[in-house]
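Please look at the model below with a few selected residues in mind, and follow where each of them sits and what surrounds it.

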Amino acid sequence: FTLPPLHEGTEVFLVLEQTMWTTAVWINGAPAGESDDCYLPQRFRLTPHLRAGHNEIVVRIGGFDTLPPDHIGGALPGRASAEQHDAAGPDGARGS
């Protein structure tokens, strides 16, 4: 989507109503947040990541394990591939 320059002090939020799943939002490749509030509105502040001109938003609704196999592999910004995810130990540390 394309935006004109924002006026100073303008705040922009994305609000999702009752997604019934965990939700993650990225704006221009930067994480804007995650929420587990399945039955409540989920509010994400987009302002720090917006720019005048072209912007891209990615919304993932559902857990990482609910993605189709062809989307697992780092297709989502800021997410490890399935192999990287499986290789991490329970504390997130990797073996040598």
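Predicted model: local features only at pLDDT ≥ 70, side-chain atom pairs only at ≥ 80, totals over all residues.

Leaving aside its neighbours within four places in sequence, Thr19 is in contact with Cys38, Gln42 and Ile61.

- Thr19 is found in the loop that runs between strand 2 (13-16) and strand 3 (23-27).
- With a relative accessible area of 14%, Thr19 counts as buried, because the term applies to residues under 20%.
- The side chain of Thr19 reaches the backbone oxygen of Trp21 at 2.8 Å, and it also makes a polar contact of 3.1 Å with the side chain of Thr23.

**Met20 and the nonpolar patch**
- Met20 lies in the loop between strand 2 and strand 3, and its relative accessible area of 44% makes it partly exposed.
- Met20 belongs to a nonpolar patch on the surface, which it forms together with Phe1, Trp21, Tyr39, Ile57, Val59 and Ile61.
- Taken together, the residues of this patch have about 700 Å² of accessible area.

**Asn28 and its partners**
- Asn28 is found in the loop between strand 3 and strand 4 (30-35).
- Although Asn28 and His54 are 26 residues apart in sequence, their C-alpha atoms are 9.0 Å apart in space.
- Leaving aside neighbours within four places in sequence, Asn28 is in contact with His49, Leu50, Arg51, His54, Asn55 and Glu56.
- The side chains of Asn28 and Arg51 are joined by a polar contact of 3.3 Å.

Note on methods:
Residues numbered from 1 in each chain as written. Heavy atoms only, no water. Helix = DSSP H or I, 4+ residues; strand = E, 2+ residues; numbered from the N terminus. Buried < 20%, exposed > 50% of the residue type's maximum accessible area, 1.4 Å probe, protein only. Polar contact = N/O pair within 3.5 Å; in protein donor to acceptor, adjacent residues only side chain to side chain. Contact = heavy atoms within 4.5 Å. Patch = residues over 30% accessible without salt bridge, like charges linked within 9 Å, V, L, I, M, F, W, Y side chains within 5 Å. Areas by Shrake-Rupley, 256 points an atom, 1.4 Å probe, with all protein chains shown as cover. Salt bridge = Lys/Arg side-chain N within 4 Å of Asp/Glu carboxyl O.
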